[in-house]
Structures are given as structure tokens and as C-alpha cells.
Amino acid sequence: MNQLQLTVNQVFIDNFKQEPMIVRSPGRVNLIGEHTDYNGGFVLPAATDKAAYLAINDSKMETGKWISIDMKESVEVDFKDLKSFPNHSWANYILGVVEQFEKRGMKVPAFNCVMAGDVPIGSGMSSSAALESAVGFAINEMNGFGLNRKEIAKLVQQAENEFIGVKCGIMDMFASIHGKENNVIRLNCETLNFEYFPLNLGDHKIVLFDTGVKHNLVESEYNLRRLQCEEGLAFFRKHFDDTIPNLSQVPLAWLQASRSQLNPIVYHRCQYVIEENQRILSACEDLQAGRLKDFGIKMTATHEGLRNLYEVSCPELDFLVDSVWHEKSVLGSRMMGGGFGGCTINLIKMDAIDELYTRLSINYEQKTGIKLKMYSVVTANGTEIL
Ligand code: GLA
């Protein structure tokens, strides 16, 4: 048994004198296909062994107590009057999910819960989606609401969109809920059809370098990118074809023909999205055919697009990518997730990782004053009851 599982279990029993149900829900990485999910494109995430752990059970009362071990804090929640619960950093993630069940007509009985996790917060590995997915999965199971995994992922995304106010796509929660050990998920975010691809990286590993920064623009800039993409899509619908389902499917030729009419910023955002969606599809073919070098080159091209066209990178991320991409042992390197901080994702030859990390840490600390953290990624199964 994992230590976190033991801890949430024990704290639950100590507090509530009752056996809990324990749910584990992982953080994710994304190999390629960034900022494509809310544009109806493809993504290529995998669930990791770093996860949120939730011990939970009915309180059999009208109130519940929620304990966060990581935050060393607990809150009492009155389920008769959830609306009056004050705005609260981590409890919001649980409340938002409860609210979505209730909006669907599923009354959630009061529950107690204890949570802990080892998904590094602010690293871009989606610690919040991991927690929300654990909560959504657990509420559904405990009450026999009968939602399937896709429906839970959609519910959790809506919780994040409406309660937290981040207009995120579905990738993070989908990956957390559907992950499969040793596999990546190629997800079509328009139809939610997906395929598992075995992750054969030969003598390379997925390694994350954590900038240790999270610029506070993240949420506002993220929502702004969404609006800019919507503006682009509205333009193509008006001038080319009003049935085009999403921006990812807009042909590059339409974009090129619109250069003089589109606002240059919107033009660049659209260019990135359309190119990235094509890139991920050919990157998947590379992966399946074992052309790892080509795959890595595409990852690095994604970074260029995110930096220059989509403008969601930051100096710390750029420094990490620029420092490694030309190394012989590195197949590809790019920022991962929403941007403005968090991690870079890298494919690195196993026997070179330690030496590269040592060198990079020294340079990074000299440049930024921040200690560089590294996570070597192990893929794992998605949300499950332990
Ligand atoms: C964040 C969001 C995801 C996705 C990525 C960028 O992680 O939560 O939905 O948009 O950014 O690919």
C-alpha cells in the first residue's frame, strides 16, 4: 500500500470512526497537442504515478467535514446551504463538483473526506483536476448515480469552468480518469473518442523539469486565448463555412487567405492551433512507427509555436528548453500545459539524465535563483477505487 493511501485512511478512521472508500486519481503529462483541447483538436496525455488520494464516506448528517492533509486545514460544510459556503482555496474544487451533480438533479448527501496527494502543485501536472476527478468518481460510486467515465470527466470539466472560472478544456480530467499504465491516450476532444497507444520510448524516458514558477497571469491569459480562438473560429464560419465544427479543423489555406482581414494576434493564435493539430497527428504516426527522433523534433516545434505564436511561454520555460534541445541525449523538449510556468517535458536518454540534470540545475539556479526540480515520469492507471 502506498503511504498516502495509508495516511488518508488512518486520518479518516481517527476522525470519523468509520471505514472510508479510498479513491486514487492521477496527475497527467501531455506529450504533444497543447491548447488544442478547447479547440476541438487532439491531445496525447498519459496518467502518472503521482496522484490525489481521497478517503470519503457518508456523514449520515446534514454537515460534513473535509480535511486536507497537505494544507493542514479542515472545513465544516453545511450541505443544506452549500451556496453560503465562503470562497475557499481547496474546498472550492470539491464544492464545484458537488454543485455539478446537483445541477444534474443528483442530490449529494453530506460526506466527510480526507485528502492528500503527491502531484506537485503549480507544476502543470493538473493537481486540481486530479482532486476534482477523485471527488467526482467517488460521489458517483458512493451514491450509485451511474455516470460513466466520460460523463464524469465532462462533469468535472464543467465544475472547473463554472465554479473555479478557468475555461479549461477536457484533457486533464479525461486523462486522469482514463489513464492506462504504459500507454498514452490519443483523445479527439471534439468527439471524445480515444485510443490507447503503447508508449515505447526505447532507452529514453519522459522527464519533467519544474521551473518552480507560476506567473499569476495563468488564468486570465488562458481565458483570453480561448476568446481569441473563438474570434478566429467565428471569422472562418462567417467567411468560409458555417458548419466547420472547431478551429482545429480549419484548413491552413483558409487562414493564409485571411491574413489581411484577421487581427494579427488572432491570426497567430489560429496558426498555432491549426499547425499543432496537424503536428500531433503526424507525431502519433512517428510514435507508432518508432521514429522517436521525428517525434522529438515535433515536440520542440510545439514549443516554438507556443512561445512565438500562442505566446504562453515565459523566460524560465524558454531557458530550460533552449538549454537542452540541442543536446545529443535529448529527443525533444517543450513547455507543458497551460504555460506561464510549470514544467517542461523532455524525452531524454536514460543514461544521460543525471548528468544533464546536474548541469542544468547549476545553470538554472544561477540564472533565476530557483532550485530546479526534476520528475521522472512513470505512467499509471486512471482513477480507481483502492
Ligand atoms: C491546461 C488546461 C487544459 C489544456 C492545457 C493546454 O492544462 O487545463 O485543458 O488546455 O492547459 O493544453
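**Helix packing and burial in a predicted model**

Trainee: In this predicted model, are helices α8 and α9 roughly parallel or roughly antiparallel to each other?
Mentor: Helix α8 covers residues 264-289 and helix α9 covers residues 292-308, and the angle between them is about 165 degrees. Angles over 145 degrees count as roughly antiparallel. The orientation of α8 and α9 is therefore roughly antiparallel.

Trainee: How many Å apart are the axes of α8 and α9?
Mentor: The crossing of the two helices is left-handed. At the packing angle of about 165 degrees, the axes of α8 and α9 are apart by 9 Å.

Trainee: How many residues in the contact of α8 with α9 are charged?
Mentor: On the α8 side the contact is made by Y272, E276, R279, S282, A283, D286 and L287. On the α9 side it is made by L292, D294, F295, K298, A301, T302, G305 and L306. Seven residues of this contact are nonpolar and three are polar, while the number of charged ones is five.

Trainee: Which residues of α10 are buried?
Mentor: Helix α10 spans residues 315-324, and eight of its 10 residues are buried, so it is largely enclosed by the rest of the structure. The elements covering its buried residues include β9, α9, β10, β11 and α11. The buried residues themselves are E316, L317, D318, F319, L320, V321, S323 and V324.

Trainee: How many residues of helix α5 are buried?
Mentor: Helix α5 (residues 171-178) is mostly covered. M171, D172, M173, F174, A175, S176, I177 and H178 are buried in α5. Of its eight residues, the number buried is eight.

Trainee: What separates the C-alpha atoms of R186 and A283 in Å?
Mentor: R186 lies in strand β7, residues 183-188. Leaving out residues up to four places away in sequence, R186 touches residues including F42, N193, L281 and C284. R186 and A283 are 97 residues apart along the chain, and their C-alpha atoms are separated by 11 Å.

Trainee: What radius of gyration does the protein have?
Mentor: The protein contains 11 helices and 13 strands, and its C-alpha atoms fill a box of roughly 60 × 55 × 40 Å along the principal axes. For 386 residues, a compact globule would have a radius of gyration near 21 Å. The value for the protein agrees, because it is 21 Å.

Trainee: What percentage of the residues count as buried?
Mentor: Among contacts with a separation of 6 or more, 71% come from residues 24 or more positions apart. Of the 386 residues of the protein, the share that counts as buried is 58%.

Definitions and conventions: Residues numbered from 1 in each chain as written. Predicted model: local features only at pLDDT ≥ 70, side-chain atom pairs only at ≥ 80, totals over all residues. Heavy atoms only, no water. Axes fitted to C-alpha atoms, helices over the stretch in contact; angles between N-to-C directions. Helix = DSSP H or I, 4+ residues; strand = E, 2+ residues; numbered from the N terminus. Parallel < 35°, antiparallel > 145°, perpendicular 65-115°, else oblique. Left-handed = near helix turned anticlockwise from the far one by under 90°. Contact = heavy atoms within 4.5 Å. Nonpolar A, V, L, I, M, F, W, Y, C, P; charged D, E, K, R; others polar. Rg over C-alpha atoms; globule rule 2.2 N^0.38 Å. Buried < 20%, exposed > 50% of the residue type's maximum accessible area, 1.4 Å probe, protein only.
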